[in-house]
Structure formats: structure tokens, C-alpha cells
Amino acid sequence: MVSTVDPRDGRTRTTDLSETDEPRLEAITDQASQAARWLSDLGRLGRADLLDAIAASLEARRGDLVAAAEAETGLSNARLDGELNRAAIQFRMFGAVLRDGGYLEAAIDHAADTPLGRGPDLRRMLVPLGPVAVFGASNFPFAFSVAGGDTAAALAAGCPTVLKAHPSHPLTSHASAEAIAAAVRDLGGPDGVIATVYGEQAGRSLVRHPAIRAAALTGSVGAARGIQAAIDERPDPIPLYAELSSVNPIVVLPGAAADRGEQIAEGLFASFTNSGGQLCTKPGLAFVPSDPSGARLVDSLRERVAATDGAVLLNDRIRAAYEQQASAFEQAGARVSARPKIDAEAGFRVAPTLLEVDLSGLTAALTDECFGPLLVVVRYDDVADLDAVLATVPPSLTGSIHSGPDDDADAVRRLVDGFAGRSGRIVFDGYPTGVRVSWAQHHGGPWPSTNAVHTSVGATSIRRFLRPLAWQDAPVWILPEELQDGYTAIPRRVDGRLEPAVE
């Protein structure tokens with residue numbers, strides 16, 4: 001049987017769910033393969049309606065879903081309610097992506113004479129890969145799990161989705177899958193459009209199954225290596241799209257510290273402690289000047305940390321890793337700047353920790369990701385010294401720069417140039433947490449933050465579950481309508497010229 005633990009008090013209870021065995025997995029993947037035709041027959045606009053229906057189904061079950069997630073994750077009701085909003089918004093955004101149609105990258109080259117001779121008629125667009133596997137994240141029971149962006153993108157692409165539920169929130173995963181399945185049923189869809197499996201062995205077997213054509217993960221490097229090892233046992237490789245480890249450095253320049261140090265301390269505190277610091281975009285390193293303005297900023301930050309009453313982490317494994325990492329940082333030379341005493345109690349509560357180190361003392365051991373409410377403040381004397389040191393920080397999802405009116409523009413440019421090569425998103429005068437769901441957003445960066453170009457947030461994440469297919473000299477009747485002459489509902493490139501959609 002599958003069990004669940006309440007992180008707030010550590011109590012374990014059994015559920016009616018069972019780990020997925022091989023016969024059940026075989027049935028699930030067979031249903032997924034058959035459901036691919038139904039999703040294809042829906043077409044772009046039909047799938048857009050399905051995604052809207054899924055969003056509405058999630059919202060209709062809001063109370064039960066949020067209550068289940070609160071009991072399994074220890075995250076606050078307000079945080080989870082907002083995350084459910086995000087999940088619904090993601091599905092609706094991909095409905096808009098489908099209706100726009102530009103994601104298809106439709107292109108037509110009519111038969112013509114070319115410098116290389118007579119060229120055939122060619123028509124190309126992106127088509128679904130087939131059934132895909134999605135691994136739910138521990139820290140986002142909605143937005144990066146069963147009802148998350150990977151699922152929304154895969155279904156939008158036309159790919160049946162088999163989800164590996166995270167062991168930290170199996171009941172939430174089950175309830176989320178039921179909400180999605182209800183929307184599918186209401187549109188006359190089959191069972192295989194969405195399914196959930198439970199257990200580590202089921203996850204490994206899932207990515208080895210020949211019906212699965214891609215996998216997506218938000219998790220640790222270790223988890224990614226385990227999944228990749230299972231994929232490597234296949235006779236045919238499939239892609240694994242993984243979002244993994246990120247330190248997300250923040251640089252506060254002297255002018256910013258002098259101009260708005262108290263405001264930066266407030267935002268930085270919230271960014272590394274909200275949700276127990278269990279966010280992939282949580283800042284782990286903050287570079288703060290050693291001058292009096294920087295000292296006041298750190299003092300304000302220290303006061304805020306000292307006044308907290310602790311944070312509940314998602315599970316015992318995460319708590320143990322957090323405490324071990326904090327101890328390792330201290331052994332590596334970081335000094336404790338603030339760590340409140342918290343009441344000992346059951347559950348997975350920990351003390352937020354603020355550490356400090358001088359720039360000269362920043363070693364590789366202090367640049368590892370620590371999943372949880374811990375921040376290392378690095379004090380520097382000269383902005384010019386940051387360039388070489390930042391080049392030693394592992395590449396991340398984000399790099400952030402706070403500057404003031406008196407800061408040197410050339411210094412800002414150098415920081416931007418450095419972050420551009422070592423991160424996927426550069427944040428100016430803000431904080432990396434709170435990833436907007438939008439067309440221009442993406443959620444990637446160089447290894448080890450991610451292992452692919454297109455990642456789990458933003459419209460381009462649909463690209464992971466599509467592949468190009470070209471039709472050469474095809475009869476009109478066999479072509480998708482998006483590739484037929486005279487079709488104007490989506491943007492297309494025709495004979496090398498971009499033609500916008502015409503309503």
C-alpha cells in the first residue's frame with residue numbers, strides 16, 4: 001500500500017492506493033497508446049477546449065485539492081490556493097497557444113525550379129511524439145506535478161500523459177488526476193489520455209516501456225541520473241527533459257544597498273524563506289558590499305531571520321539533507337549570522353539559516369544548492385572582484401542584479417554578460433522566485449540547472465513533446481488542414497515568406 005505523511009506532525013497514514021505493478025503498467029501504457037488517436041482527432045481547437053475544461057475542473061475541486069495538499073506537504077493554504085490558480089492558468093495558456101497555432105512552425109515550399117534543379121512540394125509542421133511520462137515534483141503538488149505545466153504542455157501537443165506521482169503527495173496526485181480525467185470523460189475521451197502510477201519501480205519501468213516517447217522531470221540531479229539510467233536500458237533512446245539544481249546568485253551593488261537596502265532585505269528574506277525555501281529559483285548566494293550600507297542591509301536581514309518560528313519541510317529526507325548541508329557549509333568556513341531557536345516538535349520543522357562568508361572565503365563547497373530556507377551572504381569589497389568569483393558559481397536558472405543610480409554602468413554590463421552565459425533568466429532589481437506563466441517565459445539554464453533548451457514554463461515548453469514531420473508531393477486530401485493552400489488561421493512560412501494569420 002502507498003502511505004502518506006503529514007509534515008506538520010510526522011504522522012503516517014495508509015491510503016487506498018497501491019504501487020503500480022507490471023500488469024497494471026502494461027494496461028496503462030496500452031490505453032495511452034490508443035488514446036493518442038482521440039487527442040489527434042480532437043485537433044488544435046478541440047484540445048484547446050479540453051484544456052479549458054481541465055482548468056475549470058481543477059477549480060471546481062479547489063477546496064478538496066488544497067486540503068489534501070496541505071495535509072501532505074505542510075505548505076500553507078494560501079500558497080497552495082495560489083498554486084492551484086497557477087495550474088489552471090497554465091492549462092488555459094496552452095489553450096491560447098493551440099488557438100494561435102504558431103507553435104506548429106508550419107512551412108510550405110511549393111514545387112519550383114531551384115539552383116539545384118526542380119524542387120518537390122514540401123510541407124512541414126510539428127506533430128505529437130506519442131505518450132509521454134511526467135514525474136511529479138515534491139515542492140509543487142499542483143503546478144509541477146500531475147496538474148502541472150508538463151501535463152498541460154503534453155496534452156496540448158496531443159500526447160497522452162502517464163504521471164509518476166511523487167511519494168510526498170500521493171493523495172493530492174490521485175485527486176488531481178481524477179479532476180483531469182473527469183474533464184476528459186465529459187468530452188467523451190478515453191481513460192488513456194491521463195493516468196497515474198505509484199512507486200519507484202513503476203517510474204523506472206515506465207520510462208523503459210516502448211510506448212513512452214519522452215520523459216519530463218522537475219527534481220534532483222540524482223533522480224535525473226536514475227531515470228536516465230533506466231532510459232539507457234532501452235534499445236531506442238528517448239529524451240529526458242529535466243529541471244534540476246540551481247543556486248540562483250543575487251548581486252547587490254553598492255548603490256542599490258545605499259539607495260534601498262531595507263527594501264532589498266525584505267524582498268531577499270521572502271525570496272529565500274517562503275515555502276520553506278523549497279523552490280528551484282530560491283536564491284542561495286547573495287553578494288553584498290562590505291561597506292556600511294551593506295552592513296545595514298545584512299543587519300536587517302539578520303533581524304528578520306532571527307524573528308522567524310521555523311519552516312516545515314516537505315518530508316524527512318529533505319529535512320535531513322537540509323540539516324546536513326547547513327552543517328557542511330559551516331564546516332567549509334561560513335559563519336552563522338542568524339538562526340532562530342525553534343520549539344522541538346514532531347514533524348519536519350527546521351530553523352531558517354543565514355550564513356556569511358567573505359568573498360575570499362567562498363569555496364566550491366559553499367556554492368552547492370541547499371534545498372530549504374538557507375542563504376549564504378558573501379561580503380565583497382570591490383565590485384571588480386565579482387567577475388572572477390561568479391565564474392566559479394555553478395550555472396543556474398537565474399542570475400539577479402540590484403543596482404542603484406550611482407552604480408557604474410560598465411559593472412552592470414559585465415555582470416549581465418557573465419550571467420548571460422551562465423543562467424537562463426537575468427532578473428533586474430527583483431528576485432528569482434515567482435516564475436510568471438507567459439509566452440516570453442522559460443525555465444531553463446545551463447547544466448546542472450537543466451539539461452535541455454525548452455523547459456517546463458512558458459509557451460515553448462510544448463516543443464519538448466513535438467517532432468517535425470514533412471509531407472513531400474502529398475495529395476491535398478491527406479494533408480493536415482494547417483498545411484493546405486489557402487488556410488489562413490495560423491501564421492505560416494510560405495515559399496520562404498512569413499505570412500501572419502488572418503482572422
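## A parallel strand pair

In this predicted model, strand β17, covering residues 353–358, runs parallel to strand β18, covering residues 374–380, and the two are joined over six bridges. One of the residues involved is D358, whose bridge partner in β18 is R379.

## The sheet around the pair

Strands β17 and β18 belong to an open sheet of seven strands with mixed pairing, in which the order is β15-β17-β18-β13-β12-β19-β20. From one strand to the next, the twist averages 25°.

## Helices on the sheet

Helix α9, made up of residues 292–306, lies across β12 (250–252), β13 (285–289), β15, β17 and β18, and its direction is at about 165° to that of β18. Helix α12, made up of residues 409–422, also packs on the sheet, where it touches β12, β19 (396–402) and β20 and makes an angle of about 150° with the direction of β20.

## The contact between α1 and α4

Helix α1 (residues 22–60) and helix α4 (residues 149–157) have axes that come within 8 Å and cross at roughly 150°. Since angles over 145 degrees count as roughly antiparallel, α1 is therefore roughly antiparallel to α4.

On the α1 side the contact involves L39, R47, L51 and I54, which meet A152, L155, A156 and A157 of α4. Sorted by class, the residues in this contact of α1 with α4 comprise seven nonpolar and one charged, with no polar residues.

Notes. Residues are numbered from 1 along each chain as its sequence is written. This is a predicted model: local features need pLDDT of at least 70, side-chain atom pairs count only at pLDDT 80 or more; totals for chains, interfaces and linings use all residues. Side-chain values use heavy atoms; hydrogens and water are left out. Two strands pair if DSSP finds at least two bridges between them. Helices (H or I, at least four residues) and strands (E, at least two) are DSSP runs, numbered from the N terminus. Axes are lines fitted to C-alpha atoms, for helices over the stretch in contact, and angles run from 0 to 180 degrees between N-to-C directions. Contact means heavy atoms within 4.5 Å. Angles under 35 degrees count as roughly parallel, over 145 as roughly antiparallel, 65 to 115 as roughly perpendicular and the rest as oblique. Ala, Val, Leu, Ile, Met, Phe, Trp, Tyr, Cys and Pro count as nonpolar, Asp, Glu, Lys and Arg as charged, and the others, Gly among them, as polar.
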